[in-house]
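I opened this structure to see what could be read from it. These are my notes, in the order in which I looked things up.

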Amino acid sequence: MAAFAVLVALAALMLPAVAAADAPSSMRTTLNEIEEEVMCPVCGTLLGLAESPQATREKAFVEKLIKEGKTKSQIKDALVAQYGDAVLAEPNGSGFSISAYVVPIVAFIVAAILLAAAVWKWRRSSGGPDDHLPAVEGPSAEDRRRLDEDLGRYDL
């Protein structure tokens, strides 16, 4: 009975360790995940693609934070505190940064409207397919007579 109690006690002690090992692994972040979402402040490229000395230091900083058990948002906050908002690959979604999302969409819509209006105006101004073609006249009586004479000479 004492051995059973010891086994239960050991299992109870190991349960939080097993749960902690499983739960944080889903919440832990990796360097690759962070590299896809932050930029090198010197190069202006994604951290995963950057090869500058500054990028190397930034990667080391991120790895240190990962080893400390920080979450992705905590790491991003630390990077913003260290390097400024320019380190984030995507804008924060408020203020002037939202223009990175809105301006291309608005520009596309305006361009589509202008293109549709131009096509509509062009189609209306052309009227029909035969409006700009000159009238076709047949050959004159003299031309027909000459043509018949010429063809008569080559009759086999």
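**Entry 1**

I began with Ile34, which, with neighbours within four places in sequence left aside, is in contact with Thr29, Val62, Lys72, Ile75 and Leu79. Contact here means heavy atoms within 4.5 Å. The model is a predicted one, in which local features need pLDDT of at least 70 and side-chain atom pairs count only at pLDDT 80 or more, while totals for chains, interfaces and linings use all residues. Residues are numbered from 1 along each chain as its sequence is written, and side-chain values use heavy atoms, with hydrogens and water left out.

I then looked up the largest nonpolar core, which has 13 residues. Ile34, Val38, Ala55, Val62, Ile75 and Leu79 are those that touch the most other members. Helix H2 (31–35), helix H3 (53–67) and helix H4 (72–83) each supply at least two residues of this core. H3 gives the most, with 4 residues. For the terms, a nonpolar core is a set of buried Ala, Val, Leu, Ile, Met, Phe, Trp, Tyr and Cys residues joined through side-chain atoms within 4.5 Å. Buried is under 20% relative accessible area, exposed is over 50%, and partly exposed lies in between (1.4 Å probe, protein chains only).

**Entry 2: the chain as a whole**

I listed the elements next and found 6 helices and 0 strands in the protein chain. Helices (H or I, at least four residues) and strands (E, at least two) are DSSP runs, numbered from the N terminus. Buried residues make up 12% of the 156 residues. Among the contacts with a separation of 6 or more, 43% are between residues 24 or more positions apart.

I checked confidence as pLDDT, the predictor's confidence in each residue, from 0 to 100. The protein chain averages 79, and 72% of the residues score at least 70. Helix H1 (residues 2–27) has the lowest mean, 54, and helix H6 (residues 141–153) the highest, 91. Over residues 18–26 pLDDT stays under 50, and the model has 1 contact beyond four places in sequence for them.

**Entry 3: helix H3**

Which residues of H3 are buried? I noted Gln54, Ala55, Glu58, Phe61, Val62 and Leu65. Seen down the axis of H3, the buried residues fall within an arc of 120°, so they line one face of the helix. The arc is that of the directions from the helix axis to the C-beta atoms. These buried residues pack against H2 and H4. On the other side of H3, Pro53, Thr56, Arg57 and Lys67 are exposed.

H3 has 15 residues and reaches 21 Å from its first C-alpha to its last, close to the 21 Å expected. Just after H3, Gly69 takes a positive phi of about 90°.

Gln54 counts as buried because its relative accessibility is 14%. Leaving aside neighbours within four places in sequence, Gln54 is in contact with Cys40, Pro41, Val42 and Tyr83. Ala60, also placed in H3, is partly exposed, with a relative accessible area of 44%. Ala60 and Leu31 are 29 residues apart in sequence and 9.4 Å apart in space, C-alpha to C-alpha.

**Entry 4: helix H4**

H4 has 12 residues and reaches 16 Å from its first C-alpha to its last, close to the 16 Å expected.

With neighbours within four places in sequence left aside, Val80 is in contact with Asp85, Val87 and Leu88. I also noted that Val80 and Val38 are 42 residues apart in sequence and 9.5 Å apart in space, C-alpha to C-alpha.

**Entry 5: the cysteines**

How many disulfides are there? Taking a disulfide as a pair of cysteine sulfur atoms within 2.5 Å, I get a count of 0. The sulfur of Cys40 is 3.6 Å from the closest cysteine sulfur, in Cys43, which is too far for a bond. Cys40 counts as buried, at 1% relative accessibility, while Cys43 counts as partly exposed, at 35%.

Conventions:
The expected span of a helix is 1.5 Å times one less than its number of residues.
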